[in-house]
Amino acid sequence: MNAKAIVVTSGKGGVGKTTTTANVGAALAQLGEKVAVIDTDVGLRNLDVVMGLEGRVVFDIIDVFERRCKLKQALIRDKRVDSLYLLAASQTKDKSSLSEGQMKAVVKALIEREGFDRVLIDSPAGIESGFQTAASAAQGALVVVNPEVSSVRDADRIIGLLEAREIDEVKLVINRIRPEMVKRGDMLEVEDVLEILGVKLIGIVPEDEKILVSTNIGNPASLDNGVKAGAGSAFRNIARRLRGDEVPYLSLDSGGGFLASLRRLFGGS
Amino acid sequence: MFGLFGRKKSKDHLKERLKLVLSYDRAKLTPAKMDELKDELLQVIGKYFPAEENDYDVKLERHGDRMVFVANLPVSRVEAH
């Protein structure tokens with residue numbers, strides 16, 4: 001993806017935007033990029049706790065907007081990967097405190113002045129002003145979708161709104177897929193979702209208990225390089241694809257159905 | 001599309017429902033508006049030739065990348081005089 005500023009969005013809440021932002025951001029930083037992750041969910045901030053950085057938030061994005069601190073002072077450096085930084089949302093304000101102009105200025109300053117290679121913007125749920133502000137500064141988008149009815153419908157709506165904003169690099173992350181349900185025919189397959197939504201895929205992330213465990217302790221699963229399967233490694237693969245690497249999609253089980261459908265999807269027999 | 005015992009898989013139901021609901025979402029058409037359109041079309045068409053009101057059906061369909069509006073209107077048999 002050429003875009004340096006990428007919004008992570010979904011329409012529906014609870015599908016994994018924040019988890020995706022934290023894990024892909026951490027993986028990109030581990031690959032050597034200087035990465036800022038921005039929480040724009042003002043009033044309902046969570047990226048800080050998911051990343052385990054909640055104890056270190058002093059200033060937030062609204063403080064930057066309202067000039068109570070410098071941009072640099074509000075950037076929290078992650079101690080595990082030193083090229084990873086968090087810009088937290090304010091917990092006490094509401095979404096009207098964010099304006100598109102200020103958002104664009106902050107993202108521009110991060111890239112042009114502070115030398116960030118990548119800025120991931122974690123959008124709030126919904127299609128209203130919070131989402132619009134988050135999307136305003138982005139040139140690319142990761143749309144996170146779960147293979148179920150309301151998430152797919154909301155993702156379709158969000159994709160329409162991103163197109164209206166002329167964000168041309170829109171990629172799909174299919175999150176929380178359950179191979180055994182896909183195999184039974186009780187969950188949409190990857191290719192069903194792609195056919196319905198008509199956007200390009202960038203990642204398939206299996207439902208994985210380890211995500212909850214890693215979130216409990218505030219340590220993004222993608223940082224654990226020792227684990228070669230599951231959600232953490234799927235998020236690492238998304239980071240590599242974002243950088244332009246050709247990474248084959250992992251087979252999520254050793255059985256016929258899902259693997260076969262992946263082969264069909266990627267040009268095999 | 002059908003399982004071993006002819007049971008349609010639940011995901012196939014979902015896929016069909018999603019495709020349908022998304023075509024209306026994308027066209028910003030509500031089912032009520034569709035009914036209105038159907039009635040008006042019938043009135044206009046009925047001025048020119050006799051139509052079978054019962055089998056009349058209008059819907060949106062996806063043909064590849066584009067949405068297509070399809071009206072299916074059987075023409076009544078015209079009696080020869």
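Two strands pair if DSSP finds at least two bridges between them. Strands (E, at least two residues) and helices (H or I, at least four) are DSSP runs, numbered from the N terminus. This is a predicted model: local features need pLDDT of at least 70, side-chain atom pairs count only at pLDDT 80 or more, and totals for chains, interfaces and linings use all residues. Residues are numbered from 1 along each chain as its sequence is written, and chains are lettered from A in the order in which they are written.

**Stop 1: two strands.** Select residues 35-39 and 118-122 of chain A. These are strands S2 and S5, which run parallel and are joined by 5 bridges. Click A:Ala36; its bridge partner in S5(A) is A:Val119.

**Stop 2: the other side of the pairing list.** Look for A:Val8, which stands opposite A:Asp122 in S5(A).

**Stop 3: along S5.** Which way do its residues point? A:Arg118, A:Leu120 and A:Asp122 point one way from S5(A), while A:Val119 and A:Ile121 point the other way. In a regular strand the side chains alternate between the two faces of the sheet. Of the 5 residues of S5(A), 5 are buried, so the strand is largely enclosed by the rest of the structure. Buried means that 20 or more other C-beta atoms, placed from the backbone, lie within 10 Å of the residue's own.

Stop 4: Now show all 8 strands of the open sheet in chain A, in the order S3-S4-S2-S5-S1-S6-S7-S8, with mixed pairing. Find S3 (75-77) and S8 (200-206) at the edges; each has a single partner strand, so one side of each is left without a neighbour in the sheet. Neighbouring strands are turned by 25° against each other on average, direction ignored.

**Stop 5: two helices.** Select H1, residues 17-30 of chain A. H1 packs on the sheet, touching strands including S1, S2 and S5, and its direction makes about 170° with that of S5(A). Next take H5, residues 100-113 of chain A. H5 touches S1, S2 and S5 of chain A, at about 155° to the direction of S5(A). Contact means C-beta atoms, placed from the backbone, within 7 Å. Axes are lines fitted to C-alpha atoms, for helices over the stretch in contact, and angles run from 0 to 180 degrees between N-to-C directions.

Notes. Buried ≥ 20, exposed ≤ 12 C-beta atoms within 10 Å, placed from the backbone.
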